[in-house]
Every structure is written in C-alpha cells, then in structure tokens.
Amino acid sequence: MSKTETNSLAGISLLATLGDKEREELERACSWRHYGPHEQILDRQSESQDVCFVVEGRVRVVNYSLTGREITLDDVVEGSHFGELAAIDGEPRSASVMALSKSLIAFLPRKAFIQLLERHPDVTLTLLRRLAWIIRTSTDRIMDLSTLGANNRVHAELLRQARLVADEETGEAVLSPIPVHGDIASRVSTTRETVARVMNDLARQGIVERRKDSLVITDLLQLEDMVEQVRGD
C-alpha cells in the first residue's frame, strides 16, 4: 500500500520521543493494512515477527482454550502497539489478535524494530516499562483466577475498568460504551449468565447504574471494599 496522509506514526506513544525524520524512516519501512471489525490480524503460533502499531481503531488480543472458548487477554487502543514479544525473541506468536472496529495497522519488520531499540534507549525504556506493566497485570490476573470465585472475579474486572476512568471528586466511574457481558466473561473465565447475575446484584445494591449508553459505578469505594475483602488486601 502506498503511503498516504493517514499512514503516519505520529500518534504512536512508543515513538513519541522520535524526531520527524526518524519517524518518517520508520513509516517508509512499514507495510500498512486496513482491517474490518472482527477480522483477524495475527494468528497464534504464526511465524510472523513484525511489531504492529494501531494507527486507527481498536484491536483485541485473545487466546483459545482446548474446547475453543475465547479468552480475552487485552484490548489495544489507537496509538499503542502489539506483537513485540515475537520481534524480541524470534519465537512464534503467543496469542491471536483481531480488529474490534475498522482499523489501520502498520507492520514494522523485526530487523527495523531491533535497530530502533538499539539506537534509541528512550524507546527501549518505554517498551520495558510497558512489559513490566503487562507482567504485573498478568500476575494479578493469575492470582484472581486462582483464588477468587466467579462472582468476585467479575467484581475485580469491573473495578479494574473503573479505576482507569474514575473521577476522584465524585467517586464515580463512567464506563462507555457499556461493557458487553460476553467480553467480561471472556476476561474472567466465566459465563455471560454469571456476569448478568452479578450486574443485577450490583444494581440492586446501588453500586452500579445504567444510564443511556454508559454503565456508572456509583460507589467505587464499596466496590473496592468488596474486592479487597476477598483478596485479603
């Protein structure tokens, strides 16, 4: 695909410290592809080793159980990236990735990515911080899956999402669009029915409230207490 005005890496957070000339060199090294909603971008165990930048849209990183059940690992938003593990160690992909909305993805070859890390320590440090965050988040998730019941895992996932958008003054968190029950179930390894039941219980307790196109956590402190009590924090 030829480079157009939209084919720019200017909004990619990992590359924020690069100058225009350096970024443009990377743009020329990339291949660019548009994806429609639910279209697969990467397949687990594939041999590709490019790093992928989400220039437009939003994508989901998933794995599948032996029975074919989808397990959501993370959503990657516009301006972020994925696929760095295969580029770093040369091993096959560890997860599949699909587009959640219309997306434009820039694929940077492994060789160019390694050269970028070698030449720009600031980019390498940013990448290391992201990997450290992934490890910490994964550790917390493993602990929740190992020690919490299904209802409590739903509480913990809601709390995780709420903390990303919480308003410190009001003590509320507005999740928009409303989280899909199936997506939450996929994240915490339970069923849609369990998620629906937990949501209804929280609504009856006044902890969550549905407003138009958003789900409002009206009492974030109470939700935190519920999670901390079962975690033993």
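## Cysteines

Zero disulfides turn up in this structure, a disulfide being a pair of cysteine sulfur atoms within 2.5 Å. Cys30 is in no disulfide, and its nearest cysteine sulfur, that of Cys52, lies 9.4 Å away. Cys30 counts as buried at 9% relative accessibility, and Cys52 is buried too, at 0%. Here buried means under 20% relative accessible area, exposed over 50%, and partly exposed in between (1.4 Å probe, protein chains only).

A word on the model: it is predicted, so local features need pLDDT of at least 70 and side-chain atom pairs count only at pLDDT 80 or more, while totals for chains, interfaces and linings use all residues. Residues are numbered from 1 along each chain as its sequence is written, and side-chain values use heavy atoms, with hydrogens and water left out.

## An aromatic pair

There is one aromatic pair to look at. The ring centres of Tyr35 and Phe107 are 6.5 Å apart and their planes meet at 55 degrees, so the pair is tilted. (Rings of Phe, Tyr and Trp, the last by its six-membered ring, pair if their centres lie within 6.5 Å; planes under 30 degrees apart are stacked, over 60 edge-to-face, and the rest tilted.)

Tyr35 belongs to strand E1 (residues 31–35) and Phe107 to strand E8 (residues 103–108), so the pair ties together parts 72 residues apart in sequence. Helices (H or I, at least four residues) and strands (E, at least two) are DSSP runs, numbered from the N terminus. Both Tyr35 and Phe107 are buried.

## Helix H4

The buried residues of helix H4 (residues 121–147) are Val123, Leu127, Arg130, Leu131 and Asp144.
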